[in-house]
Amino acid sequence: MVGLSWAERIGVPESFALAGLEMDPARLPGGTGWGELAGELRGYLDALVGVDPPADLVSEMAEQLRSWRERLAAARVPERDQPWGHRVDLPARGQALAPHVEMLDRGDDWLEATVVFGRFHLGGHDAVHGGAVALLFDEVLGRFSDTHGRPAARTVSLDVAFRAVTPPERELRLRVWFEREHGRKRQLHGELRDGDVVCAEARALFIVLRPDQG
Ligand SMILES: CCCCCCCC/C=C\CCCCCCCC(=O)SCCNC(=O)CCNC(=O)[C@H](O)C(C)(C)COP(=O)(O)OP(=O)(O)OC[C@H]1O[C@@H](n2cnc3c(N)ncnc32)[C@H](O)[C@@H]1OP(=O)(O)O
């Protein structure tokens with residue numbers, strides 16, 4: 001594959017581009033099929049969490065997963081070359097860790113999106129795990145913090161208030177916005193809603209990396 005360089009692939013100006021990213025998936029790590037694979041993996045994890053399978057199915061699945069793990073060992077690459085988490089053209093950057101987020105609209109300093117947590121993200125008693133809610137905020141606030149030509153930053157603090165149970169398998173609404181930017185510091189806030197109900201609110205501080213910290 002004649003691939004794009006790291007800077008061409010990852011140094012994209014906008015991680016949440018309104019019109020989509022002008023990149024040919026065939027020239028990105030994972031190629032054209034990666035989005036489908038990541039979606040299938042996400043669906044598999046959600047399905048697995050929701051079953052109590054018979055013993056022969058459990059053994060067969062374990063055997064098949066072992067076989068895939070062994071085949072994948074031969075294809076291991078350095079982090080910069082992996083598609084997982086680096087495909088900003090795909091939902092959740094082509095990984096299954098964070099929930100599926102779809103951007104609805106954005107300005108320079110705000111973004112609106114929908115998000116659906118799968119059963120995989122369940123904590124217990126029909127509530128999404130608080131860590132998964134924090135993960136959502138870190139992912140979206142963190143990515144959005146680096147948009148509009150801003151240099152890369154890292155989260156130094158993330159404060160999440162859980163106001164109501166976050167339900168899985170429902171389309172929720174997420175809004176994030178810049179509260180303040182001064183020097184190397186960026187404060188962003190976020191709000192997760194189920195209809196009119198505020199499920200969680202987040203306040204995060206990002207620090208812009210110095211050139212030697214990238
Ligand atoms: C990464 C490449 C990936 C490539 C993929 C590309 C495609 C994908 C696109 C997009 C991916 C986005 C992925 C989602 C986003 C996820 C984001 C995360 O989860 S990041 C991981 C978790 N965070 C850490 O691991 C930080 C660990 N901490 C650090 O590394 C350092 O603290 C660092 C480098 C951030 C800053 O360290 P210093 O030594 O340069 O800075 P000092 O001097 O300590 O602090 C600067 C100022 O900030 C204040 N500060 C620091 N920590 C604070 C805190 N906890 N609360 C309040 N203030 C704090 C200090 O008081 C200081 O303020 P005064 O300038 O004196 O006014």
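I count two strands as paired if DSSP finds at least two bridges between them. With that settled, I opened the model, which is a predicted one.

**Entry 1: β5 and β8**

I began with one bridge. Serine 157 stands opposite leucine 205 in β8. I then looked up the whole pairing. β5 and β8 run antiparallel and share 9 bridges.

**Entry 2: β7 and β8**

Next I moved to the other partner of β8. β7 and β8 also pair in the antiparallel sense, here over 10 bridges. I picked out arginine 186, whose bridge partner in β8 is phenylalanine 206. I checked the turn as well. The hairpin of β7 and β8 has 2 residues between the strands. Glycine 195 in this hairpin takes a positive phi near 65 degrees.

**Entry 3: β2 and β6**

I turned to another pair. β2 covers residues 110-116 and β6 covers residues 172-182. The two run antiparallel and are joined by 6 bridges. Within this pair I noted glutamate 112, which stands opposite arginine 175 in β6.

**Entry 4: the sheet as a whole**

In what order do the strands lie? I read β1-β2-β6-β7-β8-β5, an open sheet of 6 strands with antiparallel pairing. β1 (100-106) and β5 (153-162) stand at the edges. Each has a single partner strand, so one side of each is left without a neighbour in the sheet. Neighbouring strands are turned by 25 degrees against each other on average, direction ignored.

Then I asked which strands helix α4 touches. Helix α4 (residues 130-145) packs on the sheet and touches β1, β2, β5, β6, β7 (185-194) and β8 (197-208). The direction of α4 makes about 140 degrees with that of β5.

**Entry 5: the core**

I looked for the largest nonpolar core and found 26 residues in it. Val133, Phe137, Val140, Leu141 and Leu174 have the most contacts inside this core. β2, α4, β6, β7 and β8 each supply at least two of its residues. Which element gives the most? That is α4, with 7 residues. I noted the general background too: in soluble globular proteins, nonpolar side chains tend to be buried together.

**Entry 6: the ligand shell**

I listed the residues around the ligand and got 20. Gly142, Arg154, Val156, Ser157 and Ile207 come nearest. α4, β5 and β8 each supply at least two residues of the shell. How does the shell divide by residue type? I found 6 nonpolar, 6 polar and 8 charged residues.

**Entry 7: two positive phi values**

Last, I looked up the backbone in two loops. Histidine 148 is in the loop between α4 and β5. Its phi is near 60 degrees, a positive value in a residue other than glycine. Is histidine 148 buried or partly exposed? It counts as partly exposed, because it has 14 C-beta neighbours inside 10 Å, and a buried residue needs 20 or more.

Glutamate 169 is in the loop between β5 and β6. The phi of glutamate 169 is near 60 degrees, again positive in a residue other than glycine. With 14 C-beta neighbours inside 10 Å, glutamate 169 counts as partly exposed.

Technical notes
Residues numbered from 1 in each chain as written. Predicted model: local features only at pLDDT ≥ 70, side-chain atom pairs only at ≥ 80, totals over all residues. Helix = DSSP H or I, 4+ residues; strand = E, 2+ residues; numbered from the N terminus. Axes fitted to C-alpha atoms, helices over the stretch in contact; angles between N-to-C directions. Contact = placed C-beta atoms within 7 Å. Near = placed C-beta within 6 Å. Nonpolar A, V, L, I, M, F, W, Y, C, P; charged D, E, K, R; others polar. Core = buried A, V, L, I, M, F, W, Y, C linked by C-beta atoms within 7 Å. Buried ≥ 20, exposed ≤ 12 C-beta atoms within 10 Å, placed from the backbone.
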